[in-house]
Amino acid sequence: MKKALLCVTALCLSVLLCSCWDYTELNLRHIATGLALDQGKEQTYLMTVELMTFEGEKASSRLLQAEADTLDACVAGIVRQLGRHPYWNHAKIMLIGEDLFEQDIIPMLDWFVHTNGFSLGLLIAQVEQAQAREVFESTAGEVPQAISLNLMLDDQVSFGEIPSCPLYSLYNAMLTKDAVISVPRLTLTGEDSHVTFSGMLTLEGSERRLEP
């Protein structure tokens with residue numbers, strides 16, 4: 001928990017140091033820490049955005065959702081609810097639901113790669129046996145869930161237990177014939193819906209296989 005709080009503090013300081021915003025503007029700034037994408041109930045996409053907001057000196061997280069047939073329309077729905085555009089560049093992780101991974105995700109990845117504001121280093125993970133949004137909904141607290149998940153995956157990568165899967169790597173692999181790439185899989189376990197690492201989803205051309 002201390003490590004997560006330290007990361008939140010560092011994130012806040014990075015926002016302050018990399019621009020000329022004053023204190024008032026920081027309070028009005030809504031920083032996206034992570035996204036979840038699922039197949040919508042009535043339309044193509046359900047986008048869930050986790051935001052870190054500031055009230056005085058206190059940081060907290062909140063979730064906003066929008067469902068639409070295009071990602072542009074999903075973002076427009078988020079903006080309407082928020083009253084302004086979120087600051088996307090600090091988003092740490094994008095969770096993609098199992099149902100979307102069964103489809104052609106290249107157009108979706110292409111949108112994120114070519115839309116200004118999103119980091120190409122955004123980590124990708126698949127959520128299995130649940131909707132991706134449920135992972136963000138599973139834990140409420142001062143530390144954004146996306147930052148905790150990012151730390152969990154970073155630990156796995158640092159110790160060589162799993163390969164990293166940033167947005168640009170997944171996008172390039174999907175565009176390259178016979179390229180092989182592995183995506184971390186997350187699942188919710190127990191009555192408290194604890195998030196755990198459950199293995200890798202390996203993509204090789206049109207083939208998909210689960211690995212421990």
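Gln131 sits in the loop that links β5 (123-127) to α6 (132-137). The model described here is a predicted one.

- The side chains of Gln131 and Arg133 make a polar contact of 2.6 Å.
- Once neighbours within four places in sequence are set aside, the contacts of Gln131 are Asp38, Gln39 and Leu46.

**The sheet**

- Strand β6 (residues 180-189) runs parallel to β5, and two bridges join them.
- Opposite Val127 stands Leu186, a residue of β6.
- Strand β7 (residues 194-204) and β8 run antiparallel and are joined by five bridges.
- Leu203 has Arg208 in β8 as its bridge partner.
- The hairpin of β7 and β8 has two residues between its strands, and Gly205 there takes a positive phi near 65°.

**Helices on the sheet**

**Helix α3 against helix α5**

- Two packed helices are described by the distance between their axes and by the angle between those axes.
- For α3 (residues 71-82) and α5 (residues 106-114), the axes come within 11 Å and cross at roughly 55°.
- That angle makes α3 oblique to α5.
- From α3, the residues Leu71, Asp72 and Val75 meet Met108, Trp111 and Phe112 of α5.
- Sorted by class, this contact of α3 with α5 has five nonpolar residues, one charged residue and no polar ones.

**Helix α5 against helix α8**

- The axes of α5 and helix α8 (residues 167-175) come within 10 Å, with a crossing of roughly 135°.
- Helices α5 and α8 are therefore oblique to each other.
- Their crossing, that of α5 and α8, is left-handed.
- On the α5 side the contact is made by Ile106, Leu109, Asp110, Phe112, Val113 and His114.
- On the α8 side the contact is made by Leu167, Leu170, Tyr171, Met174 and Leu175.
- By class, the contact of α5 with α8 has nine nonpolar residues, one polar residue and one charged residue.
- Phe112 of α5 is among the residues that meet α3, and Phe112 is also among those in the contact with α8.

Methods: Residues are numbered from 1 along each chain as its sequence is written. This is a predicted model: local features need pLDDT of at least 70, side-chain atom pairs count only at pLDDT 80 or more; totals for chains, interfaces and linings use all residues. Side-chain values use heavy atoms; hydrogens and water are left out. Helices (H or I, at least four residues) and strands (E, at least two) are DSSP runs, numbered from the N terminus. A polar contact is a pair of N or O atoms within 3.5 Å; within protein, one must be able to donate a hydrogen and the other to accept it, and residues adjacent in sequence count only if both atoms are side-chain atoms. Contact means heavy atoms within 4.5 Å. Axes are lines fitted to C-alpha atoms, for helices over the stretch in contact, and angles run from 0 to 180 degrees between N-to-C directions. Angles under 35 degrees count as roughly parallel, over 145 as roughly antiparallel, 65 to 115 as roughly perpendicular and the rest as oblique. Ala, Val, Leu, Ile, Met, Phe, Trp, Tyr, Cys and Pro count as nonpolar, Asp, Glu, Lys and Arg as charged, and the others, Gly among them, as polar. Two strands pair if DSSP finds at least two bridges between them. A crossing is left-handed if the near helix is turned anticlockwise from the far one by less than a right angle, and right-handed if clockwise.
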